[in-house]
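Dear colleague,

Please find below the structure I am handing over to you. My findings follow directly after it.

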Amino acid sequence: MASVWWPCLILALLSGLAASGFPRSPFQLLGKRSLPEGVADGIEVYSTKINSKVTSRFAHNVVTTRAVNRADTAKEASFDVELPKTAFITNFTLTIDGVTYPGNVKEKEVAKKQYEKAVSQGKTAGLVKASGRKLEKFTVSVNVAAGSKVTFELTYEELLKRHKGKYEMYLKVQPKQLVKHFKIDVDIFEPQGISMLDAEASFITNDLLGSALTKSFSGKKGHVSFKPSLDQQRSCPTCTDSLLNGDFTITYDVNRESPGNVQIVNGYFVHFFAPQGLPVVPKNVAFVIDISGSMAGRKLEQTKEALLRILEDMKEEDYLNFILFSGDVSTWKERLVQATPENLQEARMFVKSMEDKGMTNINDGLLRGISMLNKAREEHRVPERSTSIVIMLTDGDANVGESRPEKIQENVRNAIGGKFPLYNLGFGNNLNYNFLENMALENHGFARRIYEDSDADLQLQGFYEEVANPLLTGVEMEYPENAILGLTQNTYQHFYDGSEIVVAGRLVGEDVNSFKADVKGHGATNDLTFTEEVDMKEMEKALQERDYIFGNYIERLWAYLTIEQLLEKRKNAHGEEKENLTAQALDLSLKYHFVTPLTSMVVTKPEDNEDERAIADKPGEGGDRDGERRCPLLQHQ
């Protein structure tokens, strides 16, 4: 696959647009100008609305921008949206003078041929690329005739994941000019009942926010509205530029009267599981830390600061050790030690004394840490009901010892043997993130990029807090035999406090009167079983009140989760297995109109007797070594 295509989320508008080519930055033509209020270079964006409906954590978001060309000649109007990296675009439409041109999701190879043909003819392309830590930026531009109106509408969906006890919905607000009708409208429906709901904006004072923002929740329904007037949007009382530039974040959680909640709609079910009040399972942690020369300076200082804070959170029943790797490997202790006050004080001194040196031997560092955990278990040096975790941090690629990524992956997989998870933290952009991610996923963990910034130490600490309190190990979710198809992942090595396990599937047969789900896991003191039973008739009654949101949300949630998990498995698959996983994910992506790494969305509209196509692709987190998954911005030849 051509490199211009695969690593990038591209929104390519392929047509003969203005001779100036595509603007160098989104909304370039809609930027700050000393022009009449609300009009920039003849284009007035008179309405921007973000409408979100969240049903049982599944968010359906529609971003609509309307503009009119006030000039007496054709002008170029641009539209950009920043959406979460975890979201899938499901539709994009252009409406010009009342005629709507819808998007169609196609297999990537089909769209690729259209893309390459148009590019070879010297036509213009825009792009969507990574934007910061959580977002991807979608940008498109179109010619608008004098006096004409254009409407851009982007739809995307995502499953809101629970972190540290709450769900977070993250919206980027950046209209770049005063907008007569600007509104964010969010409706939330949670059958378990909403226990808390909050909203905040990084770009506006609390006094001003209070009058433009309304938020409320009662029972199962919550609502957030942000509707600033023109005066409230001004950066100063007499200014014509906008202060709306930053993050708008909604957080909420639900009532948890029972450990889990099962919902069934139109033959699909979803099971949310998040027990409360369980004692924390003791953990054995091997911190495998890169101290190679590239970690010198601020990166190593921030790593030390984070480790010192993490030591403050260690519980006395926990065990730990530090394994440092550069060209060789050194350790704080020969074996894991208990987190007693005396040992923690010694650990602090050790962390403070860490110095950078030499090369990067990831393989030997990881194998030493894994070996320590295995040995501690075999020799009964750690509590019987404790759980083990490897946390590895690096800022580069292996360049001494075993340096082949596939061989390191094999060595680590064999050493862990499926017994405990590996979490990989990639510090900065000068590393092979795909390798770190694949290795972590293969060992039941995940990878996280740590951005080189003033808060890198807080990012590290924030990651640790997510895995600091395991409440269950060996979690198995069981459902009626021969009654379920298409079950998503239903076994997990850990359930961490503040998180949530989500399982979905399809029901077989229509005459099911009841549904039972059992969850088994090992707790800190004993083995536990949780049971959820659903009366289908009662469920039908409860469903009647949700019609005001969208009815097939569980089916779409199931498809979203299934595609996400198939794509994760695909990263470490080969040969026929990879082909089968790819085919399954592609079929679901096309059926449910999701733009995933296997599909592209094509918007076709006639212009000057030629086809104009907009193509949207979906990237992964790895991509280029600078972390921005760059694509060339194609100009007229």
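In this predicted model, S13 and strand S18 (residues 246–254) pair in the antiparallel sense over 7 bridges. Strands here are DSSP runs of E with at least two residues, helices are runs of H or I with at least four, and both are numbered from the N terminus. Two strands pair if DSSP finds at least two bridges between them. Within this pairing, Tyr167 stands opposite Tyr252 in S18.

Strand S12 (residues 162–163) and strand S13 (residues 166–173) run antiparallel and are joined by 2 bridges. Their hairpin has 2 residues between the strands, and Lys164 takes a positive phi near 55° there.

A separate open sheet consists of 4 strands in the order S19-S20-S31-S29, with antiparallel pairing. Its edge strands, each pairing on one side only, are strand S19 (260–265) and strand S29 (484–485). S19 is joined to strand S20 (residues 268–273) by 6 bridges, and the two run antiparallel. Val262 stands opposite His271 in S20.

Turning to the helices, the axes of helix H7 (residues 405–416) and helix H8 (residues 433–442) come within 10 Å and cross at roughly 20°. H7 is therefore roughly parallel to H8, a term that covers angles under 35 degrees. The axes are lines fitted to C-alpha atoms over the stretch in contact, and angles run from 0 to 180 degrees between N-to-C directions. H7 makes the contact (heavy atoms within 4.5 Å) through Pro405, Ile408, Gln409, Val412 and Arg413, and H8 through Phe435, Asn438, Met439 and Glu442.

For the protein chain overall, the secondary structure comes to 12 helices and 35 strands. Of its 637 residues, 58% are buried, that is, under 20% relative accessible area with a 1.4 Å probe, protein chains only. Among contacts with a separation of 6 or more, 76% are between residues 24 or more positions apart. The chain exposes about 26,300 Å², of which carbon and sulfur atoms supply 46%; the area comes from the Shrake-Rupley method with a 1.4 Å probe.

As to conventions, residues are numbered from 1 along each chain as its sequence is written, and side-chain values use heavy atoms, with hydrogens and water left out. Local features need pLDDT of at least 70 and side-chain atom pairs count only at pLDDT 80 or more, whereas totals for chains, interfaces and linings use all residues.

Yours sincerely

Terms used:
Buried < 20%, exposed > 50% of the residue type's maximum accessible area, 1.4 Å probe, protein only. Parallel < 35°, antiparallel > 145°, perpendicular 65-115°, else oblique.
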